[in-house]
Amino acid sequence: PVSAAGGVYRLCWKAGPPATFANSSYGNEDAAALLGSWDVGVVPFDFRVDIGSLALVGISPLAQDRTCVSGQTCKFDGIQGQCMSALDHVVIMDTCAAGARIVRWPGSGYVEAVTASGAIMSWGTAEVTAPGGAYRLCWCAGLSADTNSSNGTALAWPCGQHGAAGNGLVDMGAMLLLGVSPLTQHRTCVAGQTCSIDGISGQSLSATDSFLVVDTCGIAGAVPRFAGFGQMQNVAQSGSAISWGAARISAAGGIYRLCWCAGEILHGQACEAAEQFRVDVGALEVIGPAPVSQDKTCVSGHTCTVDGISGYHLSDGDFVLLLDT
């Protein structure tokens, strides 16, 4: 299938060599001389006869890269091309030719709305929570039925389902998604100690990014007794190292979620509320007792033994000390 940039091209003609000399007046030597003078191959300079224009409907140029931010809505404008239409389609994929659609992208990557004659594209009001990375913007014409030139009938192939010969998708550029990647970056801290994490990876992370520890990303609810109510105090090394400061965490042991919010705002709000931390980076395991209200009783004058203490990843080497506070 054709995947060139849209535009208006020229149809140029050149005569081909004689097909046969059978039953002609040419002798063998004359025929050999005539064929010997014929140019072999395709040389553009030889195509001197302009027989008309060929309008190719499509994106132009083919390097219209765009950027969105994980945890925010995604939309962009200024898409250019030949005879663009609000019926056109765009889907986010790894590879336009045979790639898979991206999980955790609204509409499985299919654009929700195309306006302004195909120049503005939006994935609606749902936030993208896919891993950060460089994906591909794959375009398909809204006239997406092929036209059979022999009889003018339409072959209605849906975009992205174009059979063995191709899927009708044209690579129009990179879709750069700022965000953490992969979304399985599990980390561990210990109750009673400070909590610092490094080695967080992703696409174009920044020291202005924010992290929050909650039970479920994107839903309000601070973790009791976690330093800073779960929101990190310091981000360093271009967003790959985070710390909850010098305060020791005393939250209950268990598995929480480490949630991310971009410092760069394209189509969203500043990282001021738990609802803005929609991107789930991975699990944050806190080693320690749980719950933190395991009241016990002993009697003065008798030995004191306490059992049944529960928690997350407790071990035989742990200690308990009796204090007033």
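This is a predicted model: local features need pLDDT of at least 70, side-chain atom pairs count only at pLDDT 80 or more; totals for chains, interfaces and linings use all residues.

Biologist: Let's start with R278 and E127. What do their side chains form, and at what N to O distance?

Modeller: Those two side chains meet in a salt bridge, at 3.5 Å from N to O. R278 sits in the loop between β20 (254-261) and β21 (279-289), while E127 sits in the loop between β9 (120-122) and β10 (133-140), so the pair ties together parts that are 151 residues apart in sequence.

Biologist: Nice. Why does R278 count as partly exposed?

Modeller: Because its relative accessibility is 24%, and partly exposed covers the range between under 20% (buried) and over 50% (exposed). E127 counts as partly exposed too, at 28%.

Biologist: Switching topic: which residue does D171 pair with?

Modeller: D171 forms a salt bridge with R136, at 2.9 Å from N to O. D171 belongs to strand β13 (residues 170-180) and R136 to strand β10, so this bridge joins parts that are 35 residues apart in sequence.

Biologist: And how accessible is R136?

Modeller: R136 has a relative accessible area of 26%, so it is partly exposed. D171 is partly exposed as well, at 28%.

Biologist: What about D280, which residue is its salt bridge partner?

Modeller: That's R257, with the closest N and O atoms 2.9 Å apart. D280 is in strand β21 and R257 in strand β20, 23 residues apart, so the pair links distant parts of the chain.

Biologist: Is D280 buried or exposed?

Modeller: D280 is buried, with a relative accessible area of 15%, whereas R257 is partly exposed at 22%.

Technical notes:
Residues are numbered from 1 along each chain as its sequence is written. Side-chain values use heavy atoms; hydrogens and water are left out. A salt bridge is a side-chain nitrogen of Lys or Arg within 4 Å of a carboxyl oxygen of Asp or Glu. Helices (H or I, at least four residues) and strands (E, at least two) are DSSP runs, numbered from the N terminus. Buried means under 20% relative accessible area, exposed over 50%, partly exposed in between (1.4 Å probe, protein chains only).
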